[in-house]
Every structure is written in C-alpha cells, then in structure tokens.
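Please read them with the sequence and the structure open beside the text.

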Amino acid sequence: MNYPCAVASDDAEGISAAIDWCCENMQDGDTLTVWTSLKSNLRNWSELEQLVNRHSNVEHVTGRGGASVRGTGPVLMAWPDMADIGELVQYGSHRIRALCVITWNEDGLRPWVTAVQPAVLGDGSAWEDLTPELDPVVIEALKSMTLTINHNNTISAGFEKDTVVSILLALHDGGIRMESEAMQGWALANGWSGKNPSHLAKYVEDINAGKHPRSRHALRRDYIEGLRRQVADGA
C-alpha cells in the first residue's frame, strides 16, 4: 500500500480520532469516503452518521455487492474484515489517499495490522500481541507469486491458480510452516486485492488439511533450496 493507514478502536475515543485522522489526510477538493457493510450500519455510531449527513464532501458507500470509491481522498472503513479491505482496494485503490479501519473483531484484522503496521488510534491494547512472523522462506515465495501473477486476474483458475498452488505445494512438501491468515494479511499489504487474498488463504488451509488443489505443473525439487539461498543472501 502506497498510502498511510491507521487502525482505530471501536469506542468514542477511537472513532473521534479516526475522523480527525482522515480529515488531516484530506487535500483541497477531496472527498472523505465512509464505508460500512450495510447502509443501516451507519446508525451504530451517531458521530459517523452525523459526519455523513452534515458534510457535502463526505460520501457513504456500502460493501454489499462491492464498494466503489468515486472520489479521491481518505477512506474510513467501519467494521470491515480482511476480505472487505481486499474488495475495496480492488475497486478504488487509485483513488484512496489514506485508509483508516475501525475494528470490531481484532483477531480478524490482526494479520493485516501485523503486515501493514498502521498508525494506532484510540485504545491500542488489542495490538500488543500481533500475528507471529511468517517464515522468511514463505515471504520469499509470496514475493515470487506477487511478481509472477497478473493481479487483474483471479487466482481461482488458469495460469494464476497454477502458479500459486504449485508454489504452496512446494512449500508444504518442503516442510515449511504456512499460516493462512498471516499470508492473507501479507498479500493485502503487498498489492493483492479483490478476492485473491482470501483465495490464497483458502488454498493454504486446504493444503495444511491434507487436500491438494489441482495444478497443471509442479516446481522442481530444488525450488525451496533456491528460496532458502535467497533468504541467506539477504540476511
């Protein structure tokens, strides 16, 4: 992500700080986009509802069916999960100047927070414990995937699926520990969007459970050793 990010606690202090942070990241002519999953969710906090209803440069969008960011400026996402962030970035990343997320389920966002390391607003006690770090070999593999696949395509089919699945199977066969949610968070922080981060996590879960998603090609046995050499060379 090439824009500042923040995470705010779901309380009066956090929401007030989130609004202030978004306003500080606005420029002349910007629109502040407020995202909620459903239109009715806006009523959960009167301060957010008033923000949308009283200001002409604030727009409310909902995640039902995908959300399009129509105006350039900061985005305030209220109570999303990682899949919601992926879809929002897919449809509007070129218009997002800054992204602030108000939490409702800290565990569901912990991998994203760990990978992105956003500014913490309000009560930050939930983030004292973050997701364990990914194995460096897994990170090298994720970097390879990121550079190889076409991010305009889904990884649920075709060349993109073959590439991702073959690398994941090689990691598994090489005895490398894979954490599905941590890898999903890393993907979100490194240019993946839409449903692809969720698909990545599902492939990892299936492989860890002993299932083998189909791939039309397999990697050479020395692939993992090549990744280990890259890690060693970068140390």
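1. The secondary structure of the chain amounts to nine helices and six strands, where helices (H or I, at least four residues) and strands (E, at least two) are DSSP runs, numbered from the N terminus. The radius of gyration is 19 Å, close to the 18 Å that the globule rule gives for 235 residues, so the chain is as compact as a globular protein of that length; this radius is taken over C-alpha atoms, and the rule is 2.2 Å times the number of residues to the power 0.38.

2. On the origin of the values, this is a predicted model, in which local features need pLDDT of at least 70 and side-chain atom pairs count only at pLDDT 80 or more, while totals for chains, interfaces and linings use all residues. Residues are numbered from 1 along each chain as its sequence is written, and side-chain values use heavy atoms, with hydrogens and water left out.

3. As for overall dimensions, the C-alpha trace spans about 60 × 35 × 30 Å along its principal axes. Of the 235 residues, 47% count as buried, a term that means under 20% relative accessible area, with exposed being over 50% and partly exposed in between (1.4 Å probe, protein chains only). Among the contacts in the chain with a separation of 6 or more, 73% come from residues 24 or more positions apart, contact meaning heavy atoms within 4.5 Å.

4. The chain exposes about 11,800 Å², of which carbon and sulfur atoms supply 44%; the areas come from the Shrake-Rupley method with a 1.4 Å probe, and for residues only the protein chains shown count as cover.

5. Helix 2 covers residues 46–54, and within it L48, L51 and V52 are buried. Seen down the axis of helix 2, its buried residues fall within an arc of 90°, so they line one face of the helix; the arc is that of the directions from the helix axis to the C-beta atoms. On the other side of helix 2, N53 and R54 are exposed. The cover over the buried residues of helix 2 includes helix 1 (12–24) and strand 2 (32–36), together with strand 3 (58–62), strand 4 (73–78) and strand 5 (96–102).

6. Strand 2 is also the place of T33, a residue that is buried, with a relative accessible area of 0%. Not counting residues up to four places away in sequence, T33 touches E59, V61, V69, G71, P74, V75 and L76.

7. T103 lies in the loop between strand 5 and helix 4 and is buried, with a relative accessible area of 1%. Leaving aside neighbours within four places in sequence, T103 is in contact with V7, A8, S9, D10, W79, L109 and W127. The C-alpha atoms of T103 and V52, 51 residues apart along the chain, are separated by 19 Å.

8. Backbone angles deserve a separate check. Most residues other than glycine have a negative phi. W79, although not a glycine, has a positive phi of about 65°; W79 sits in the loop between strand 4 and helix 3 (82–92) and is buried, with a relative accessible area of 13%. Q117 likewise has a positive phi, near 55°, in a residue other than glycine, and is found in the loop between helix 4 (106–116) and strand 6 (119–121). Is Q117 buried or exposed? Q117 is exposed, with a relative accessible area of 65%.
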